[in-house]
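Reader: Please take me through the structure displayed below, with the conventions used to describe it.

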Amino acid sequence: MTGVRGPIPGARFGVALAVRTLPRRADRQRFSAEYMAELYGQPPGAQIRQVTGFLSKAFALRAALGAAPSPLEGSAMPTTSVPHRFRCRVLRHHHYRVYSTGDGNRYRACAFCGHESPGIRGPIVPFGMG
Amino acid sequence: MTIPTQLVLEVLLAEPERERYGLEIGDAAELRSGTVHPILVRLEGVGWLQSRWEDIDPRAEGRPPRRYYRLTADGARAAQAALARAHRPSLARRLRPQLGET
């Protein structure tokens, strides 16, 4: 490559630092290449200004990438979080019910949050104090 | 919609068929460097933009390929509608008497 001024070492280091915050390797490679390509042909001062902007918005870029998951990832990774209602999470008031496992054992667990009661054979209180 | 996002969309809508790279969009929108790429990623994530690597011979050009962005057809329509909504004055402003009116 000749004729066009390439990024100065400081700018290269800044780009490497800016993309380091990105979660996925593919994103780091993409934005490293994209930022580097945009630095070509610019004077050193402009490169430093440009890289300063990349660094200052590194976490905004990370958030933007996190907000837009790839369709593949979205379908392959269903959410595993269990919605906990306020009464379970804060007041520890669970709504226990008796469930059976596949091998026939019984256990009590909250119908809303899944919290298992330590006493299996105790009385079952519909809106009992967990 | 944030003001920088509106500025980016206005630049892209000025010539919807034209592909531009990040720095070019930022310069046209008069935004600071680094501000543009998170906006482009979000717009691409919702399907308003598509991007591709420039198809060049790096040895011949003397530089690596750039990432080019352009509005999709759906994105152009959605962006126009969104900008129209953003530029529409609020109900309170429309009802408020303007200077010079009686």
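Author: In strand 3 of chain B, B:L71 is the bridge partner of B:L49. This is a predicted model, in which local features need pLDDT of at least 70, side-chain atom pairs count only at pLDDT 80 or more, and totals for chains, interfaces and linings use all residues. Residues are numbered from 1 along each chain as its sequence is written, while chains are lettered from A and ligands numbered from 1 in the order in which they are written.

Reader: In what order do the 3 strands of the open sheet in chain B lie?

Author: Strands here are DSSP runs of E with at least two residues, and helices are runs of H or I with at least four, both numbered from the N terminus. Two strands pair if DSSP finds at least two bridges between them; strand 2 and strand 3 of chain B pair in the antiparallel sense over 5 bridges. Strand 1 and strand 2 (49–53) are the edge strands, each pairing on one side only. The order in the open sheet is 1-3-2.

Reader: Is B:E15 buried or exposed?

Author: B:E15 lies in the loop between helix 1 and strand 1 (20–21) of chain B. A residue is buried if 20 or more other C-beta atoms, placed from the backbone, lie within 10 Å of its own, exposed if 12 or fewer, and partly exposed in between. Because B:E15 has 12 C-beta neighbours inside 10 Å, the residue counts as exposed.

Reader: How many charged residues are on the side of chain B that touches chain A?

Author: Residues are in contact if their C-beta atoms, placed from the backbone, lie within 7 Å, and the contact takes 20 residues from chain B and 23 residues from chain A. Helix 3 (36–45) of chain B is among the elements that each supply at least two residues to chain B's side. With Ala, Val, Leu, Ile, Met, Phe, Trp, Tyr, Cys and Pro counted as nonpolar, Asp, Glu, Lys and Arg as charged, and the others, Gly among them, as polar, that side divides into 7 nonpolar, 7 polar and, as charged residues, 6.

Key: Two residues are in contact if their C-beta atoms, placed from the backbone, lie within 7 Å.
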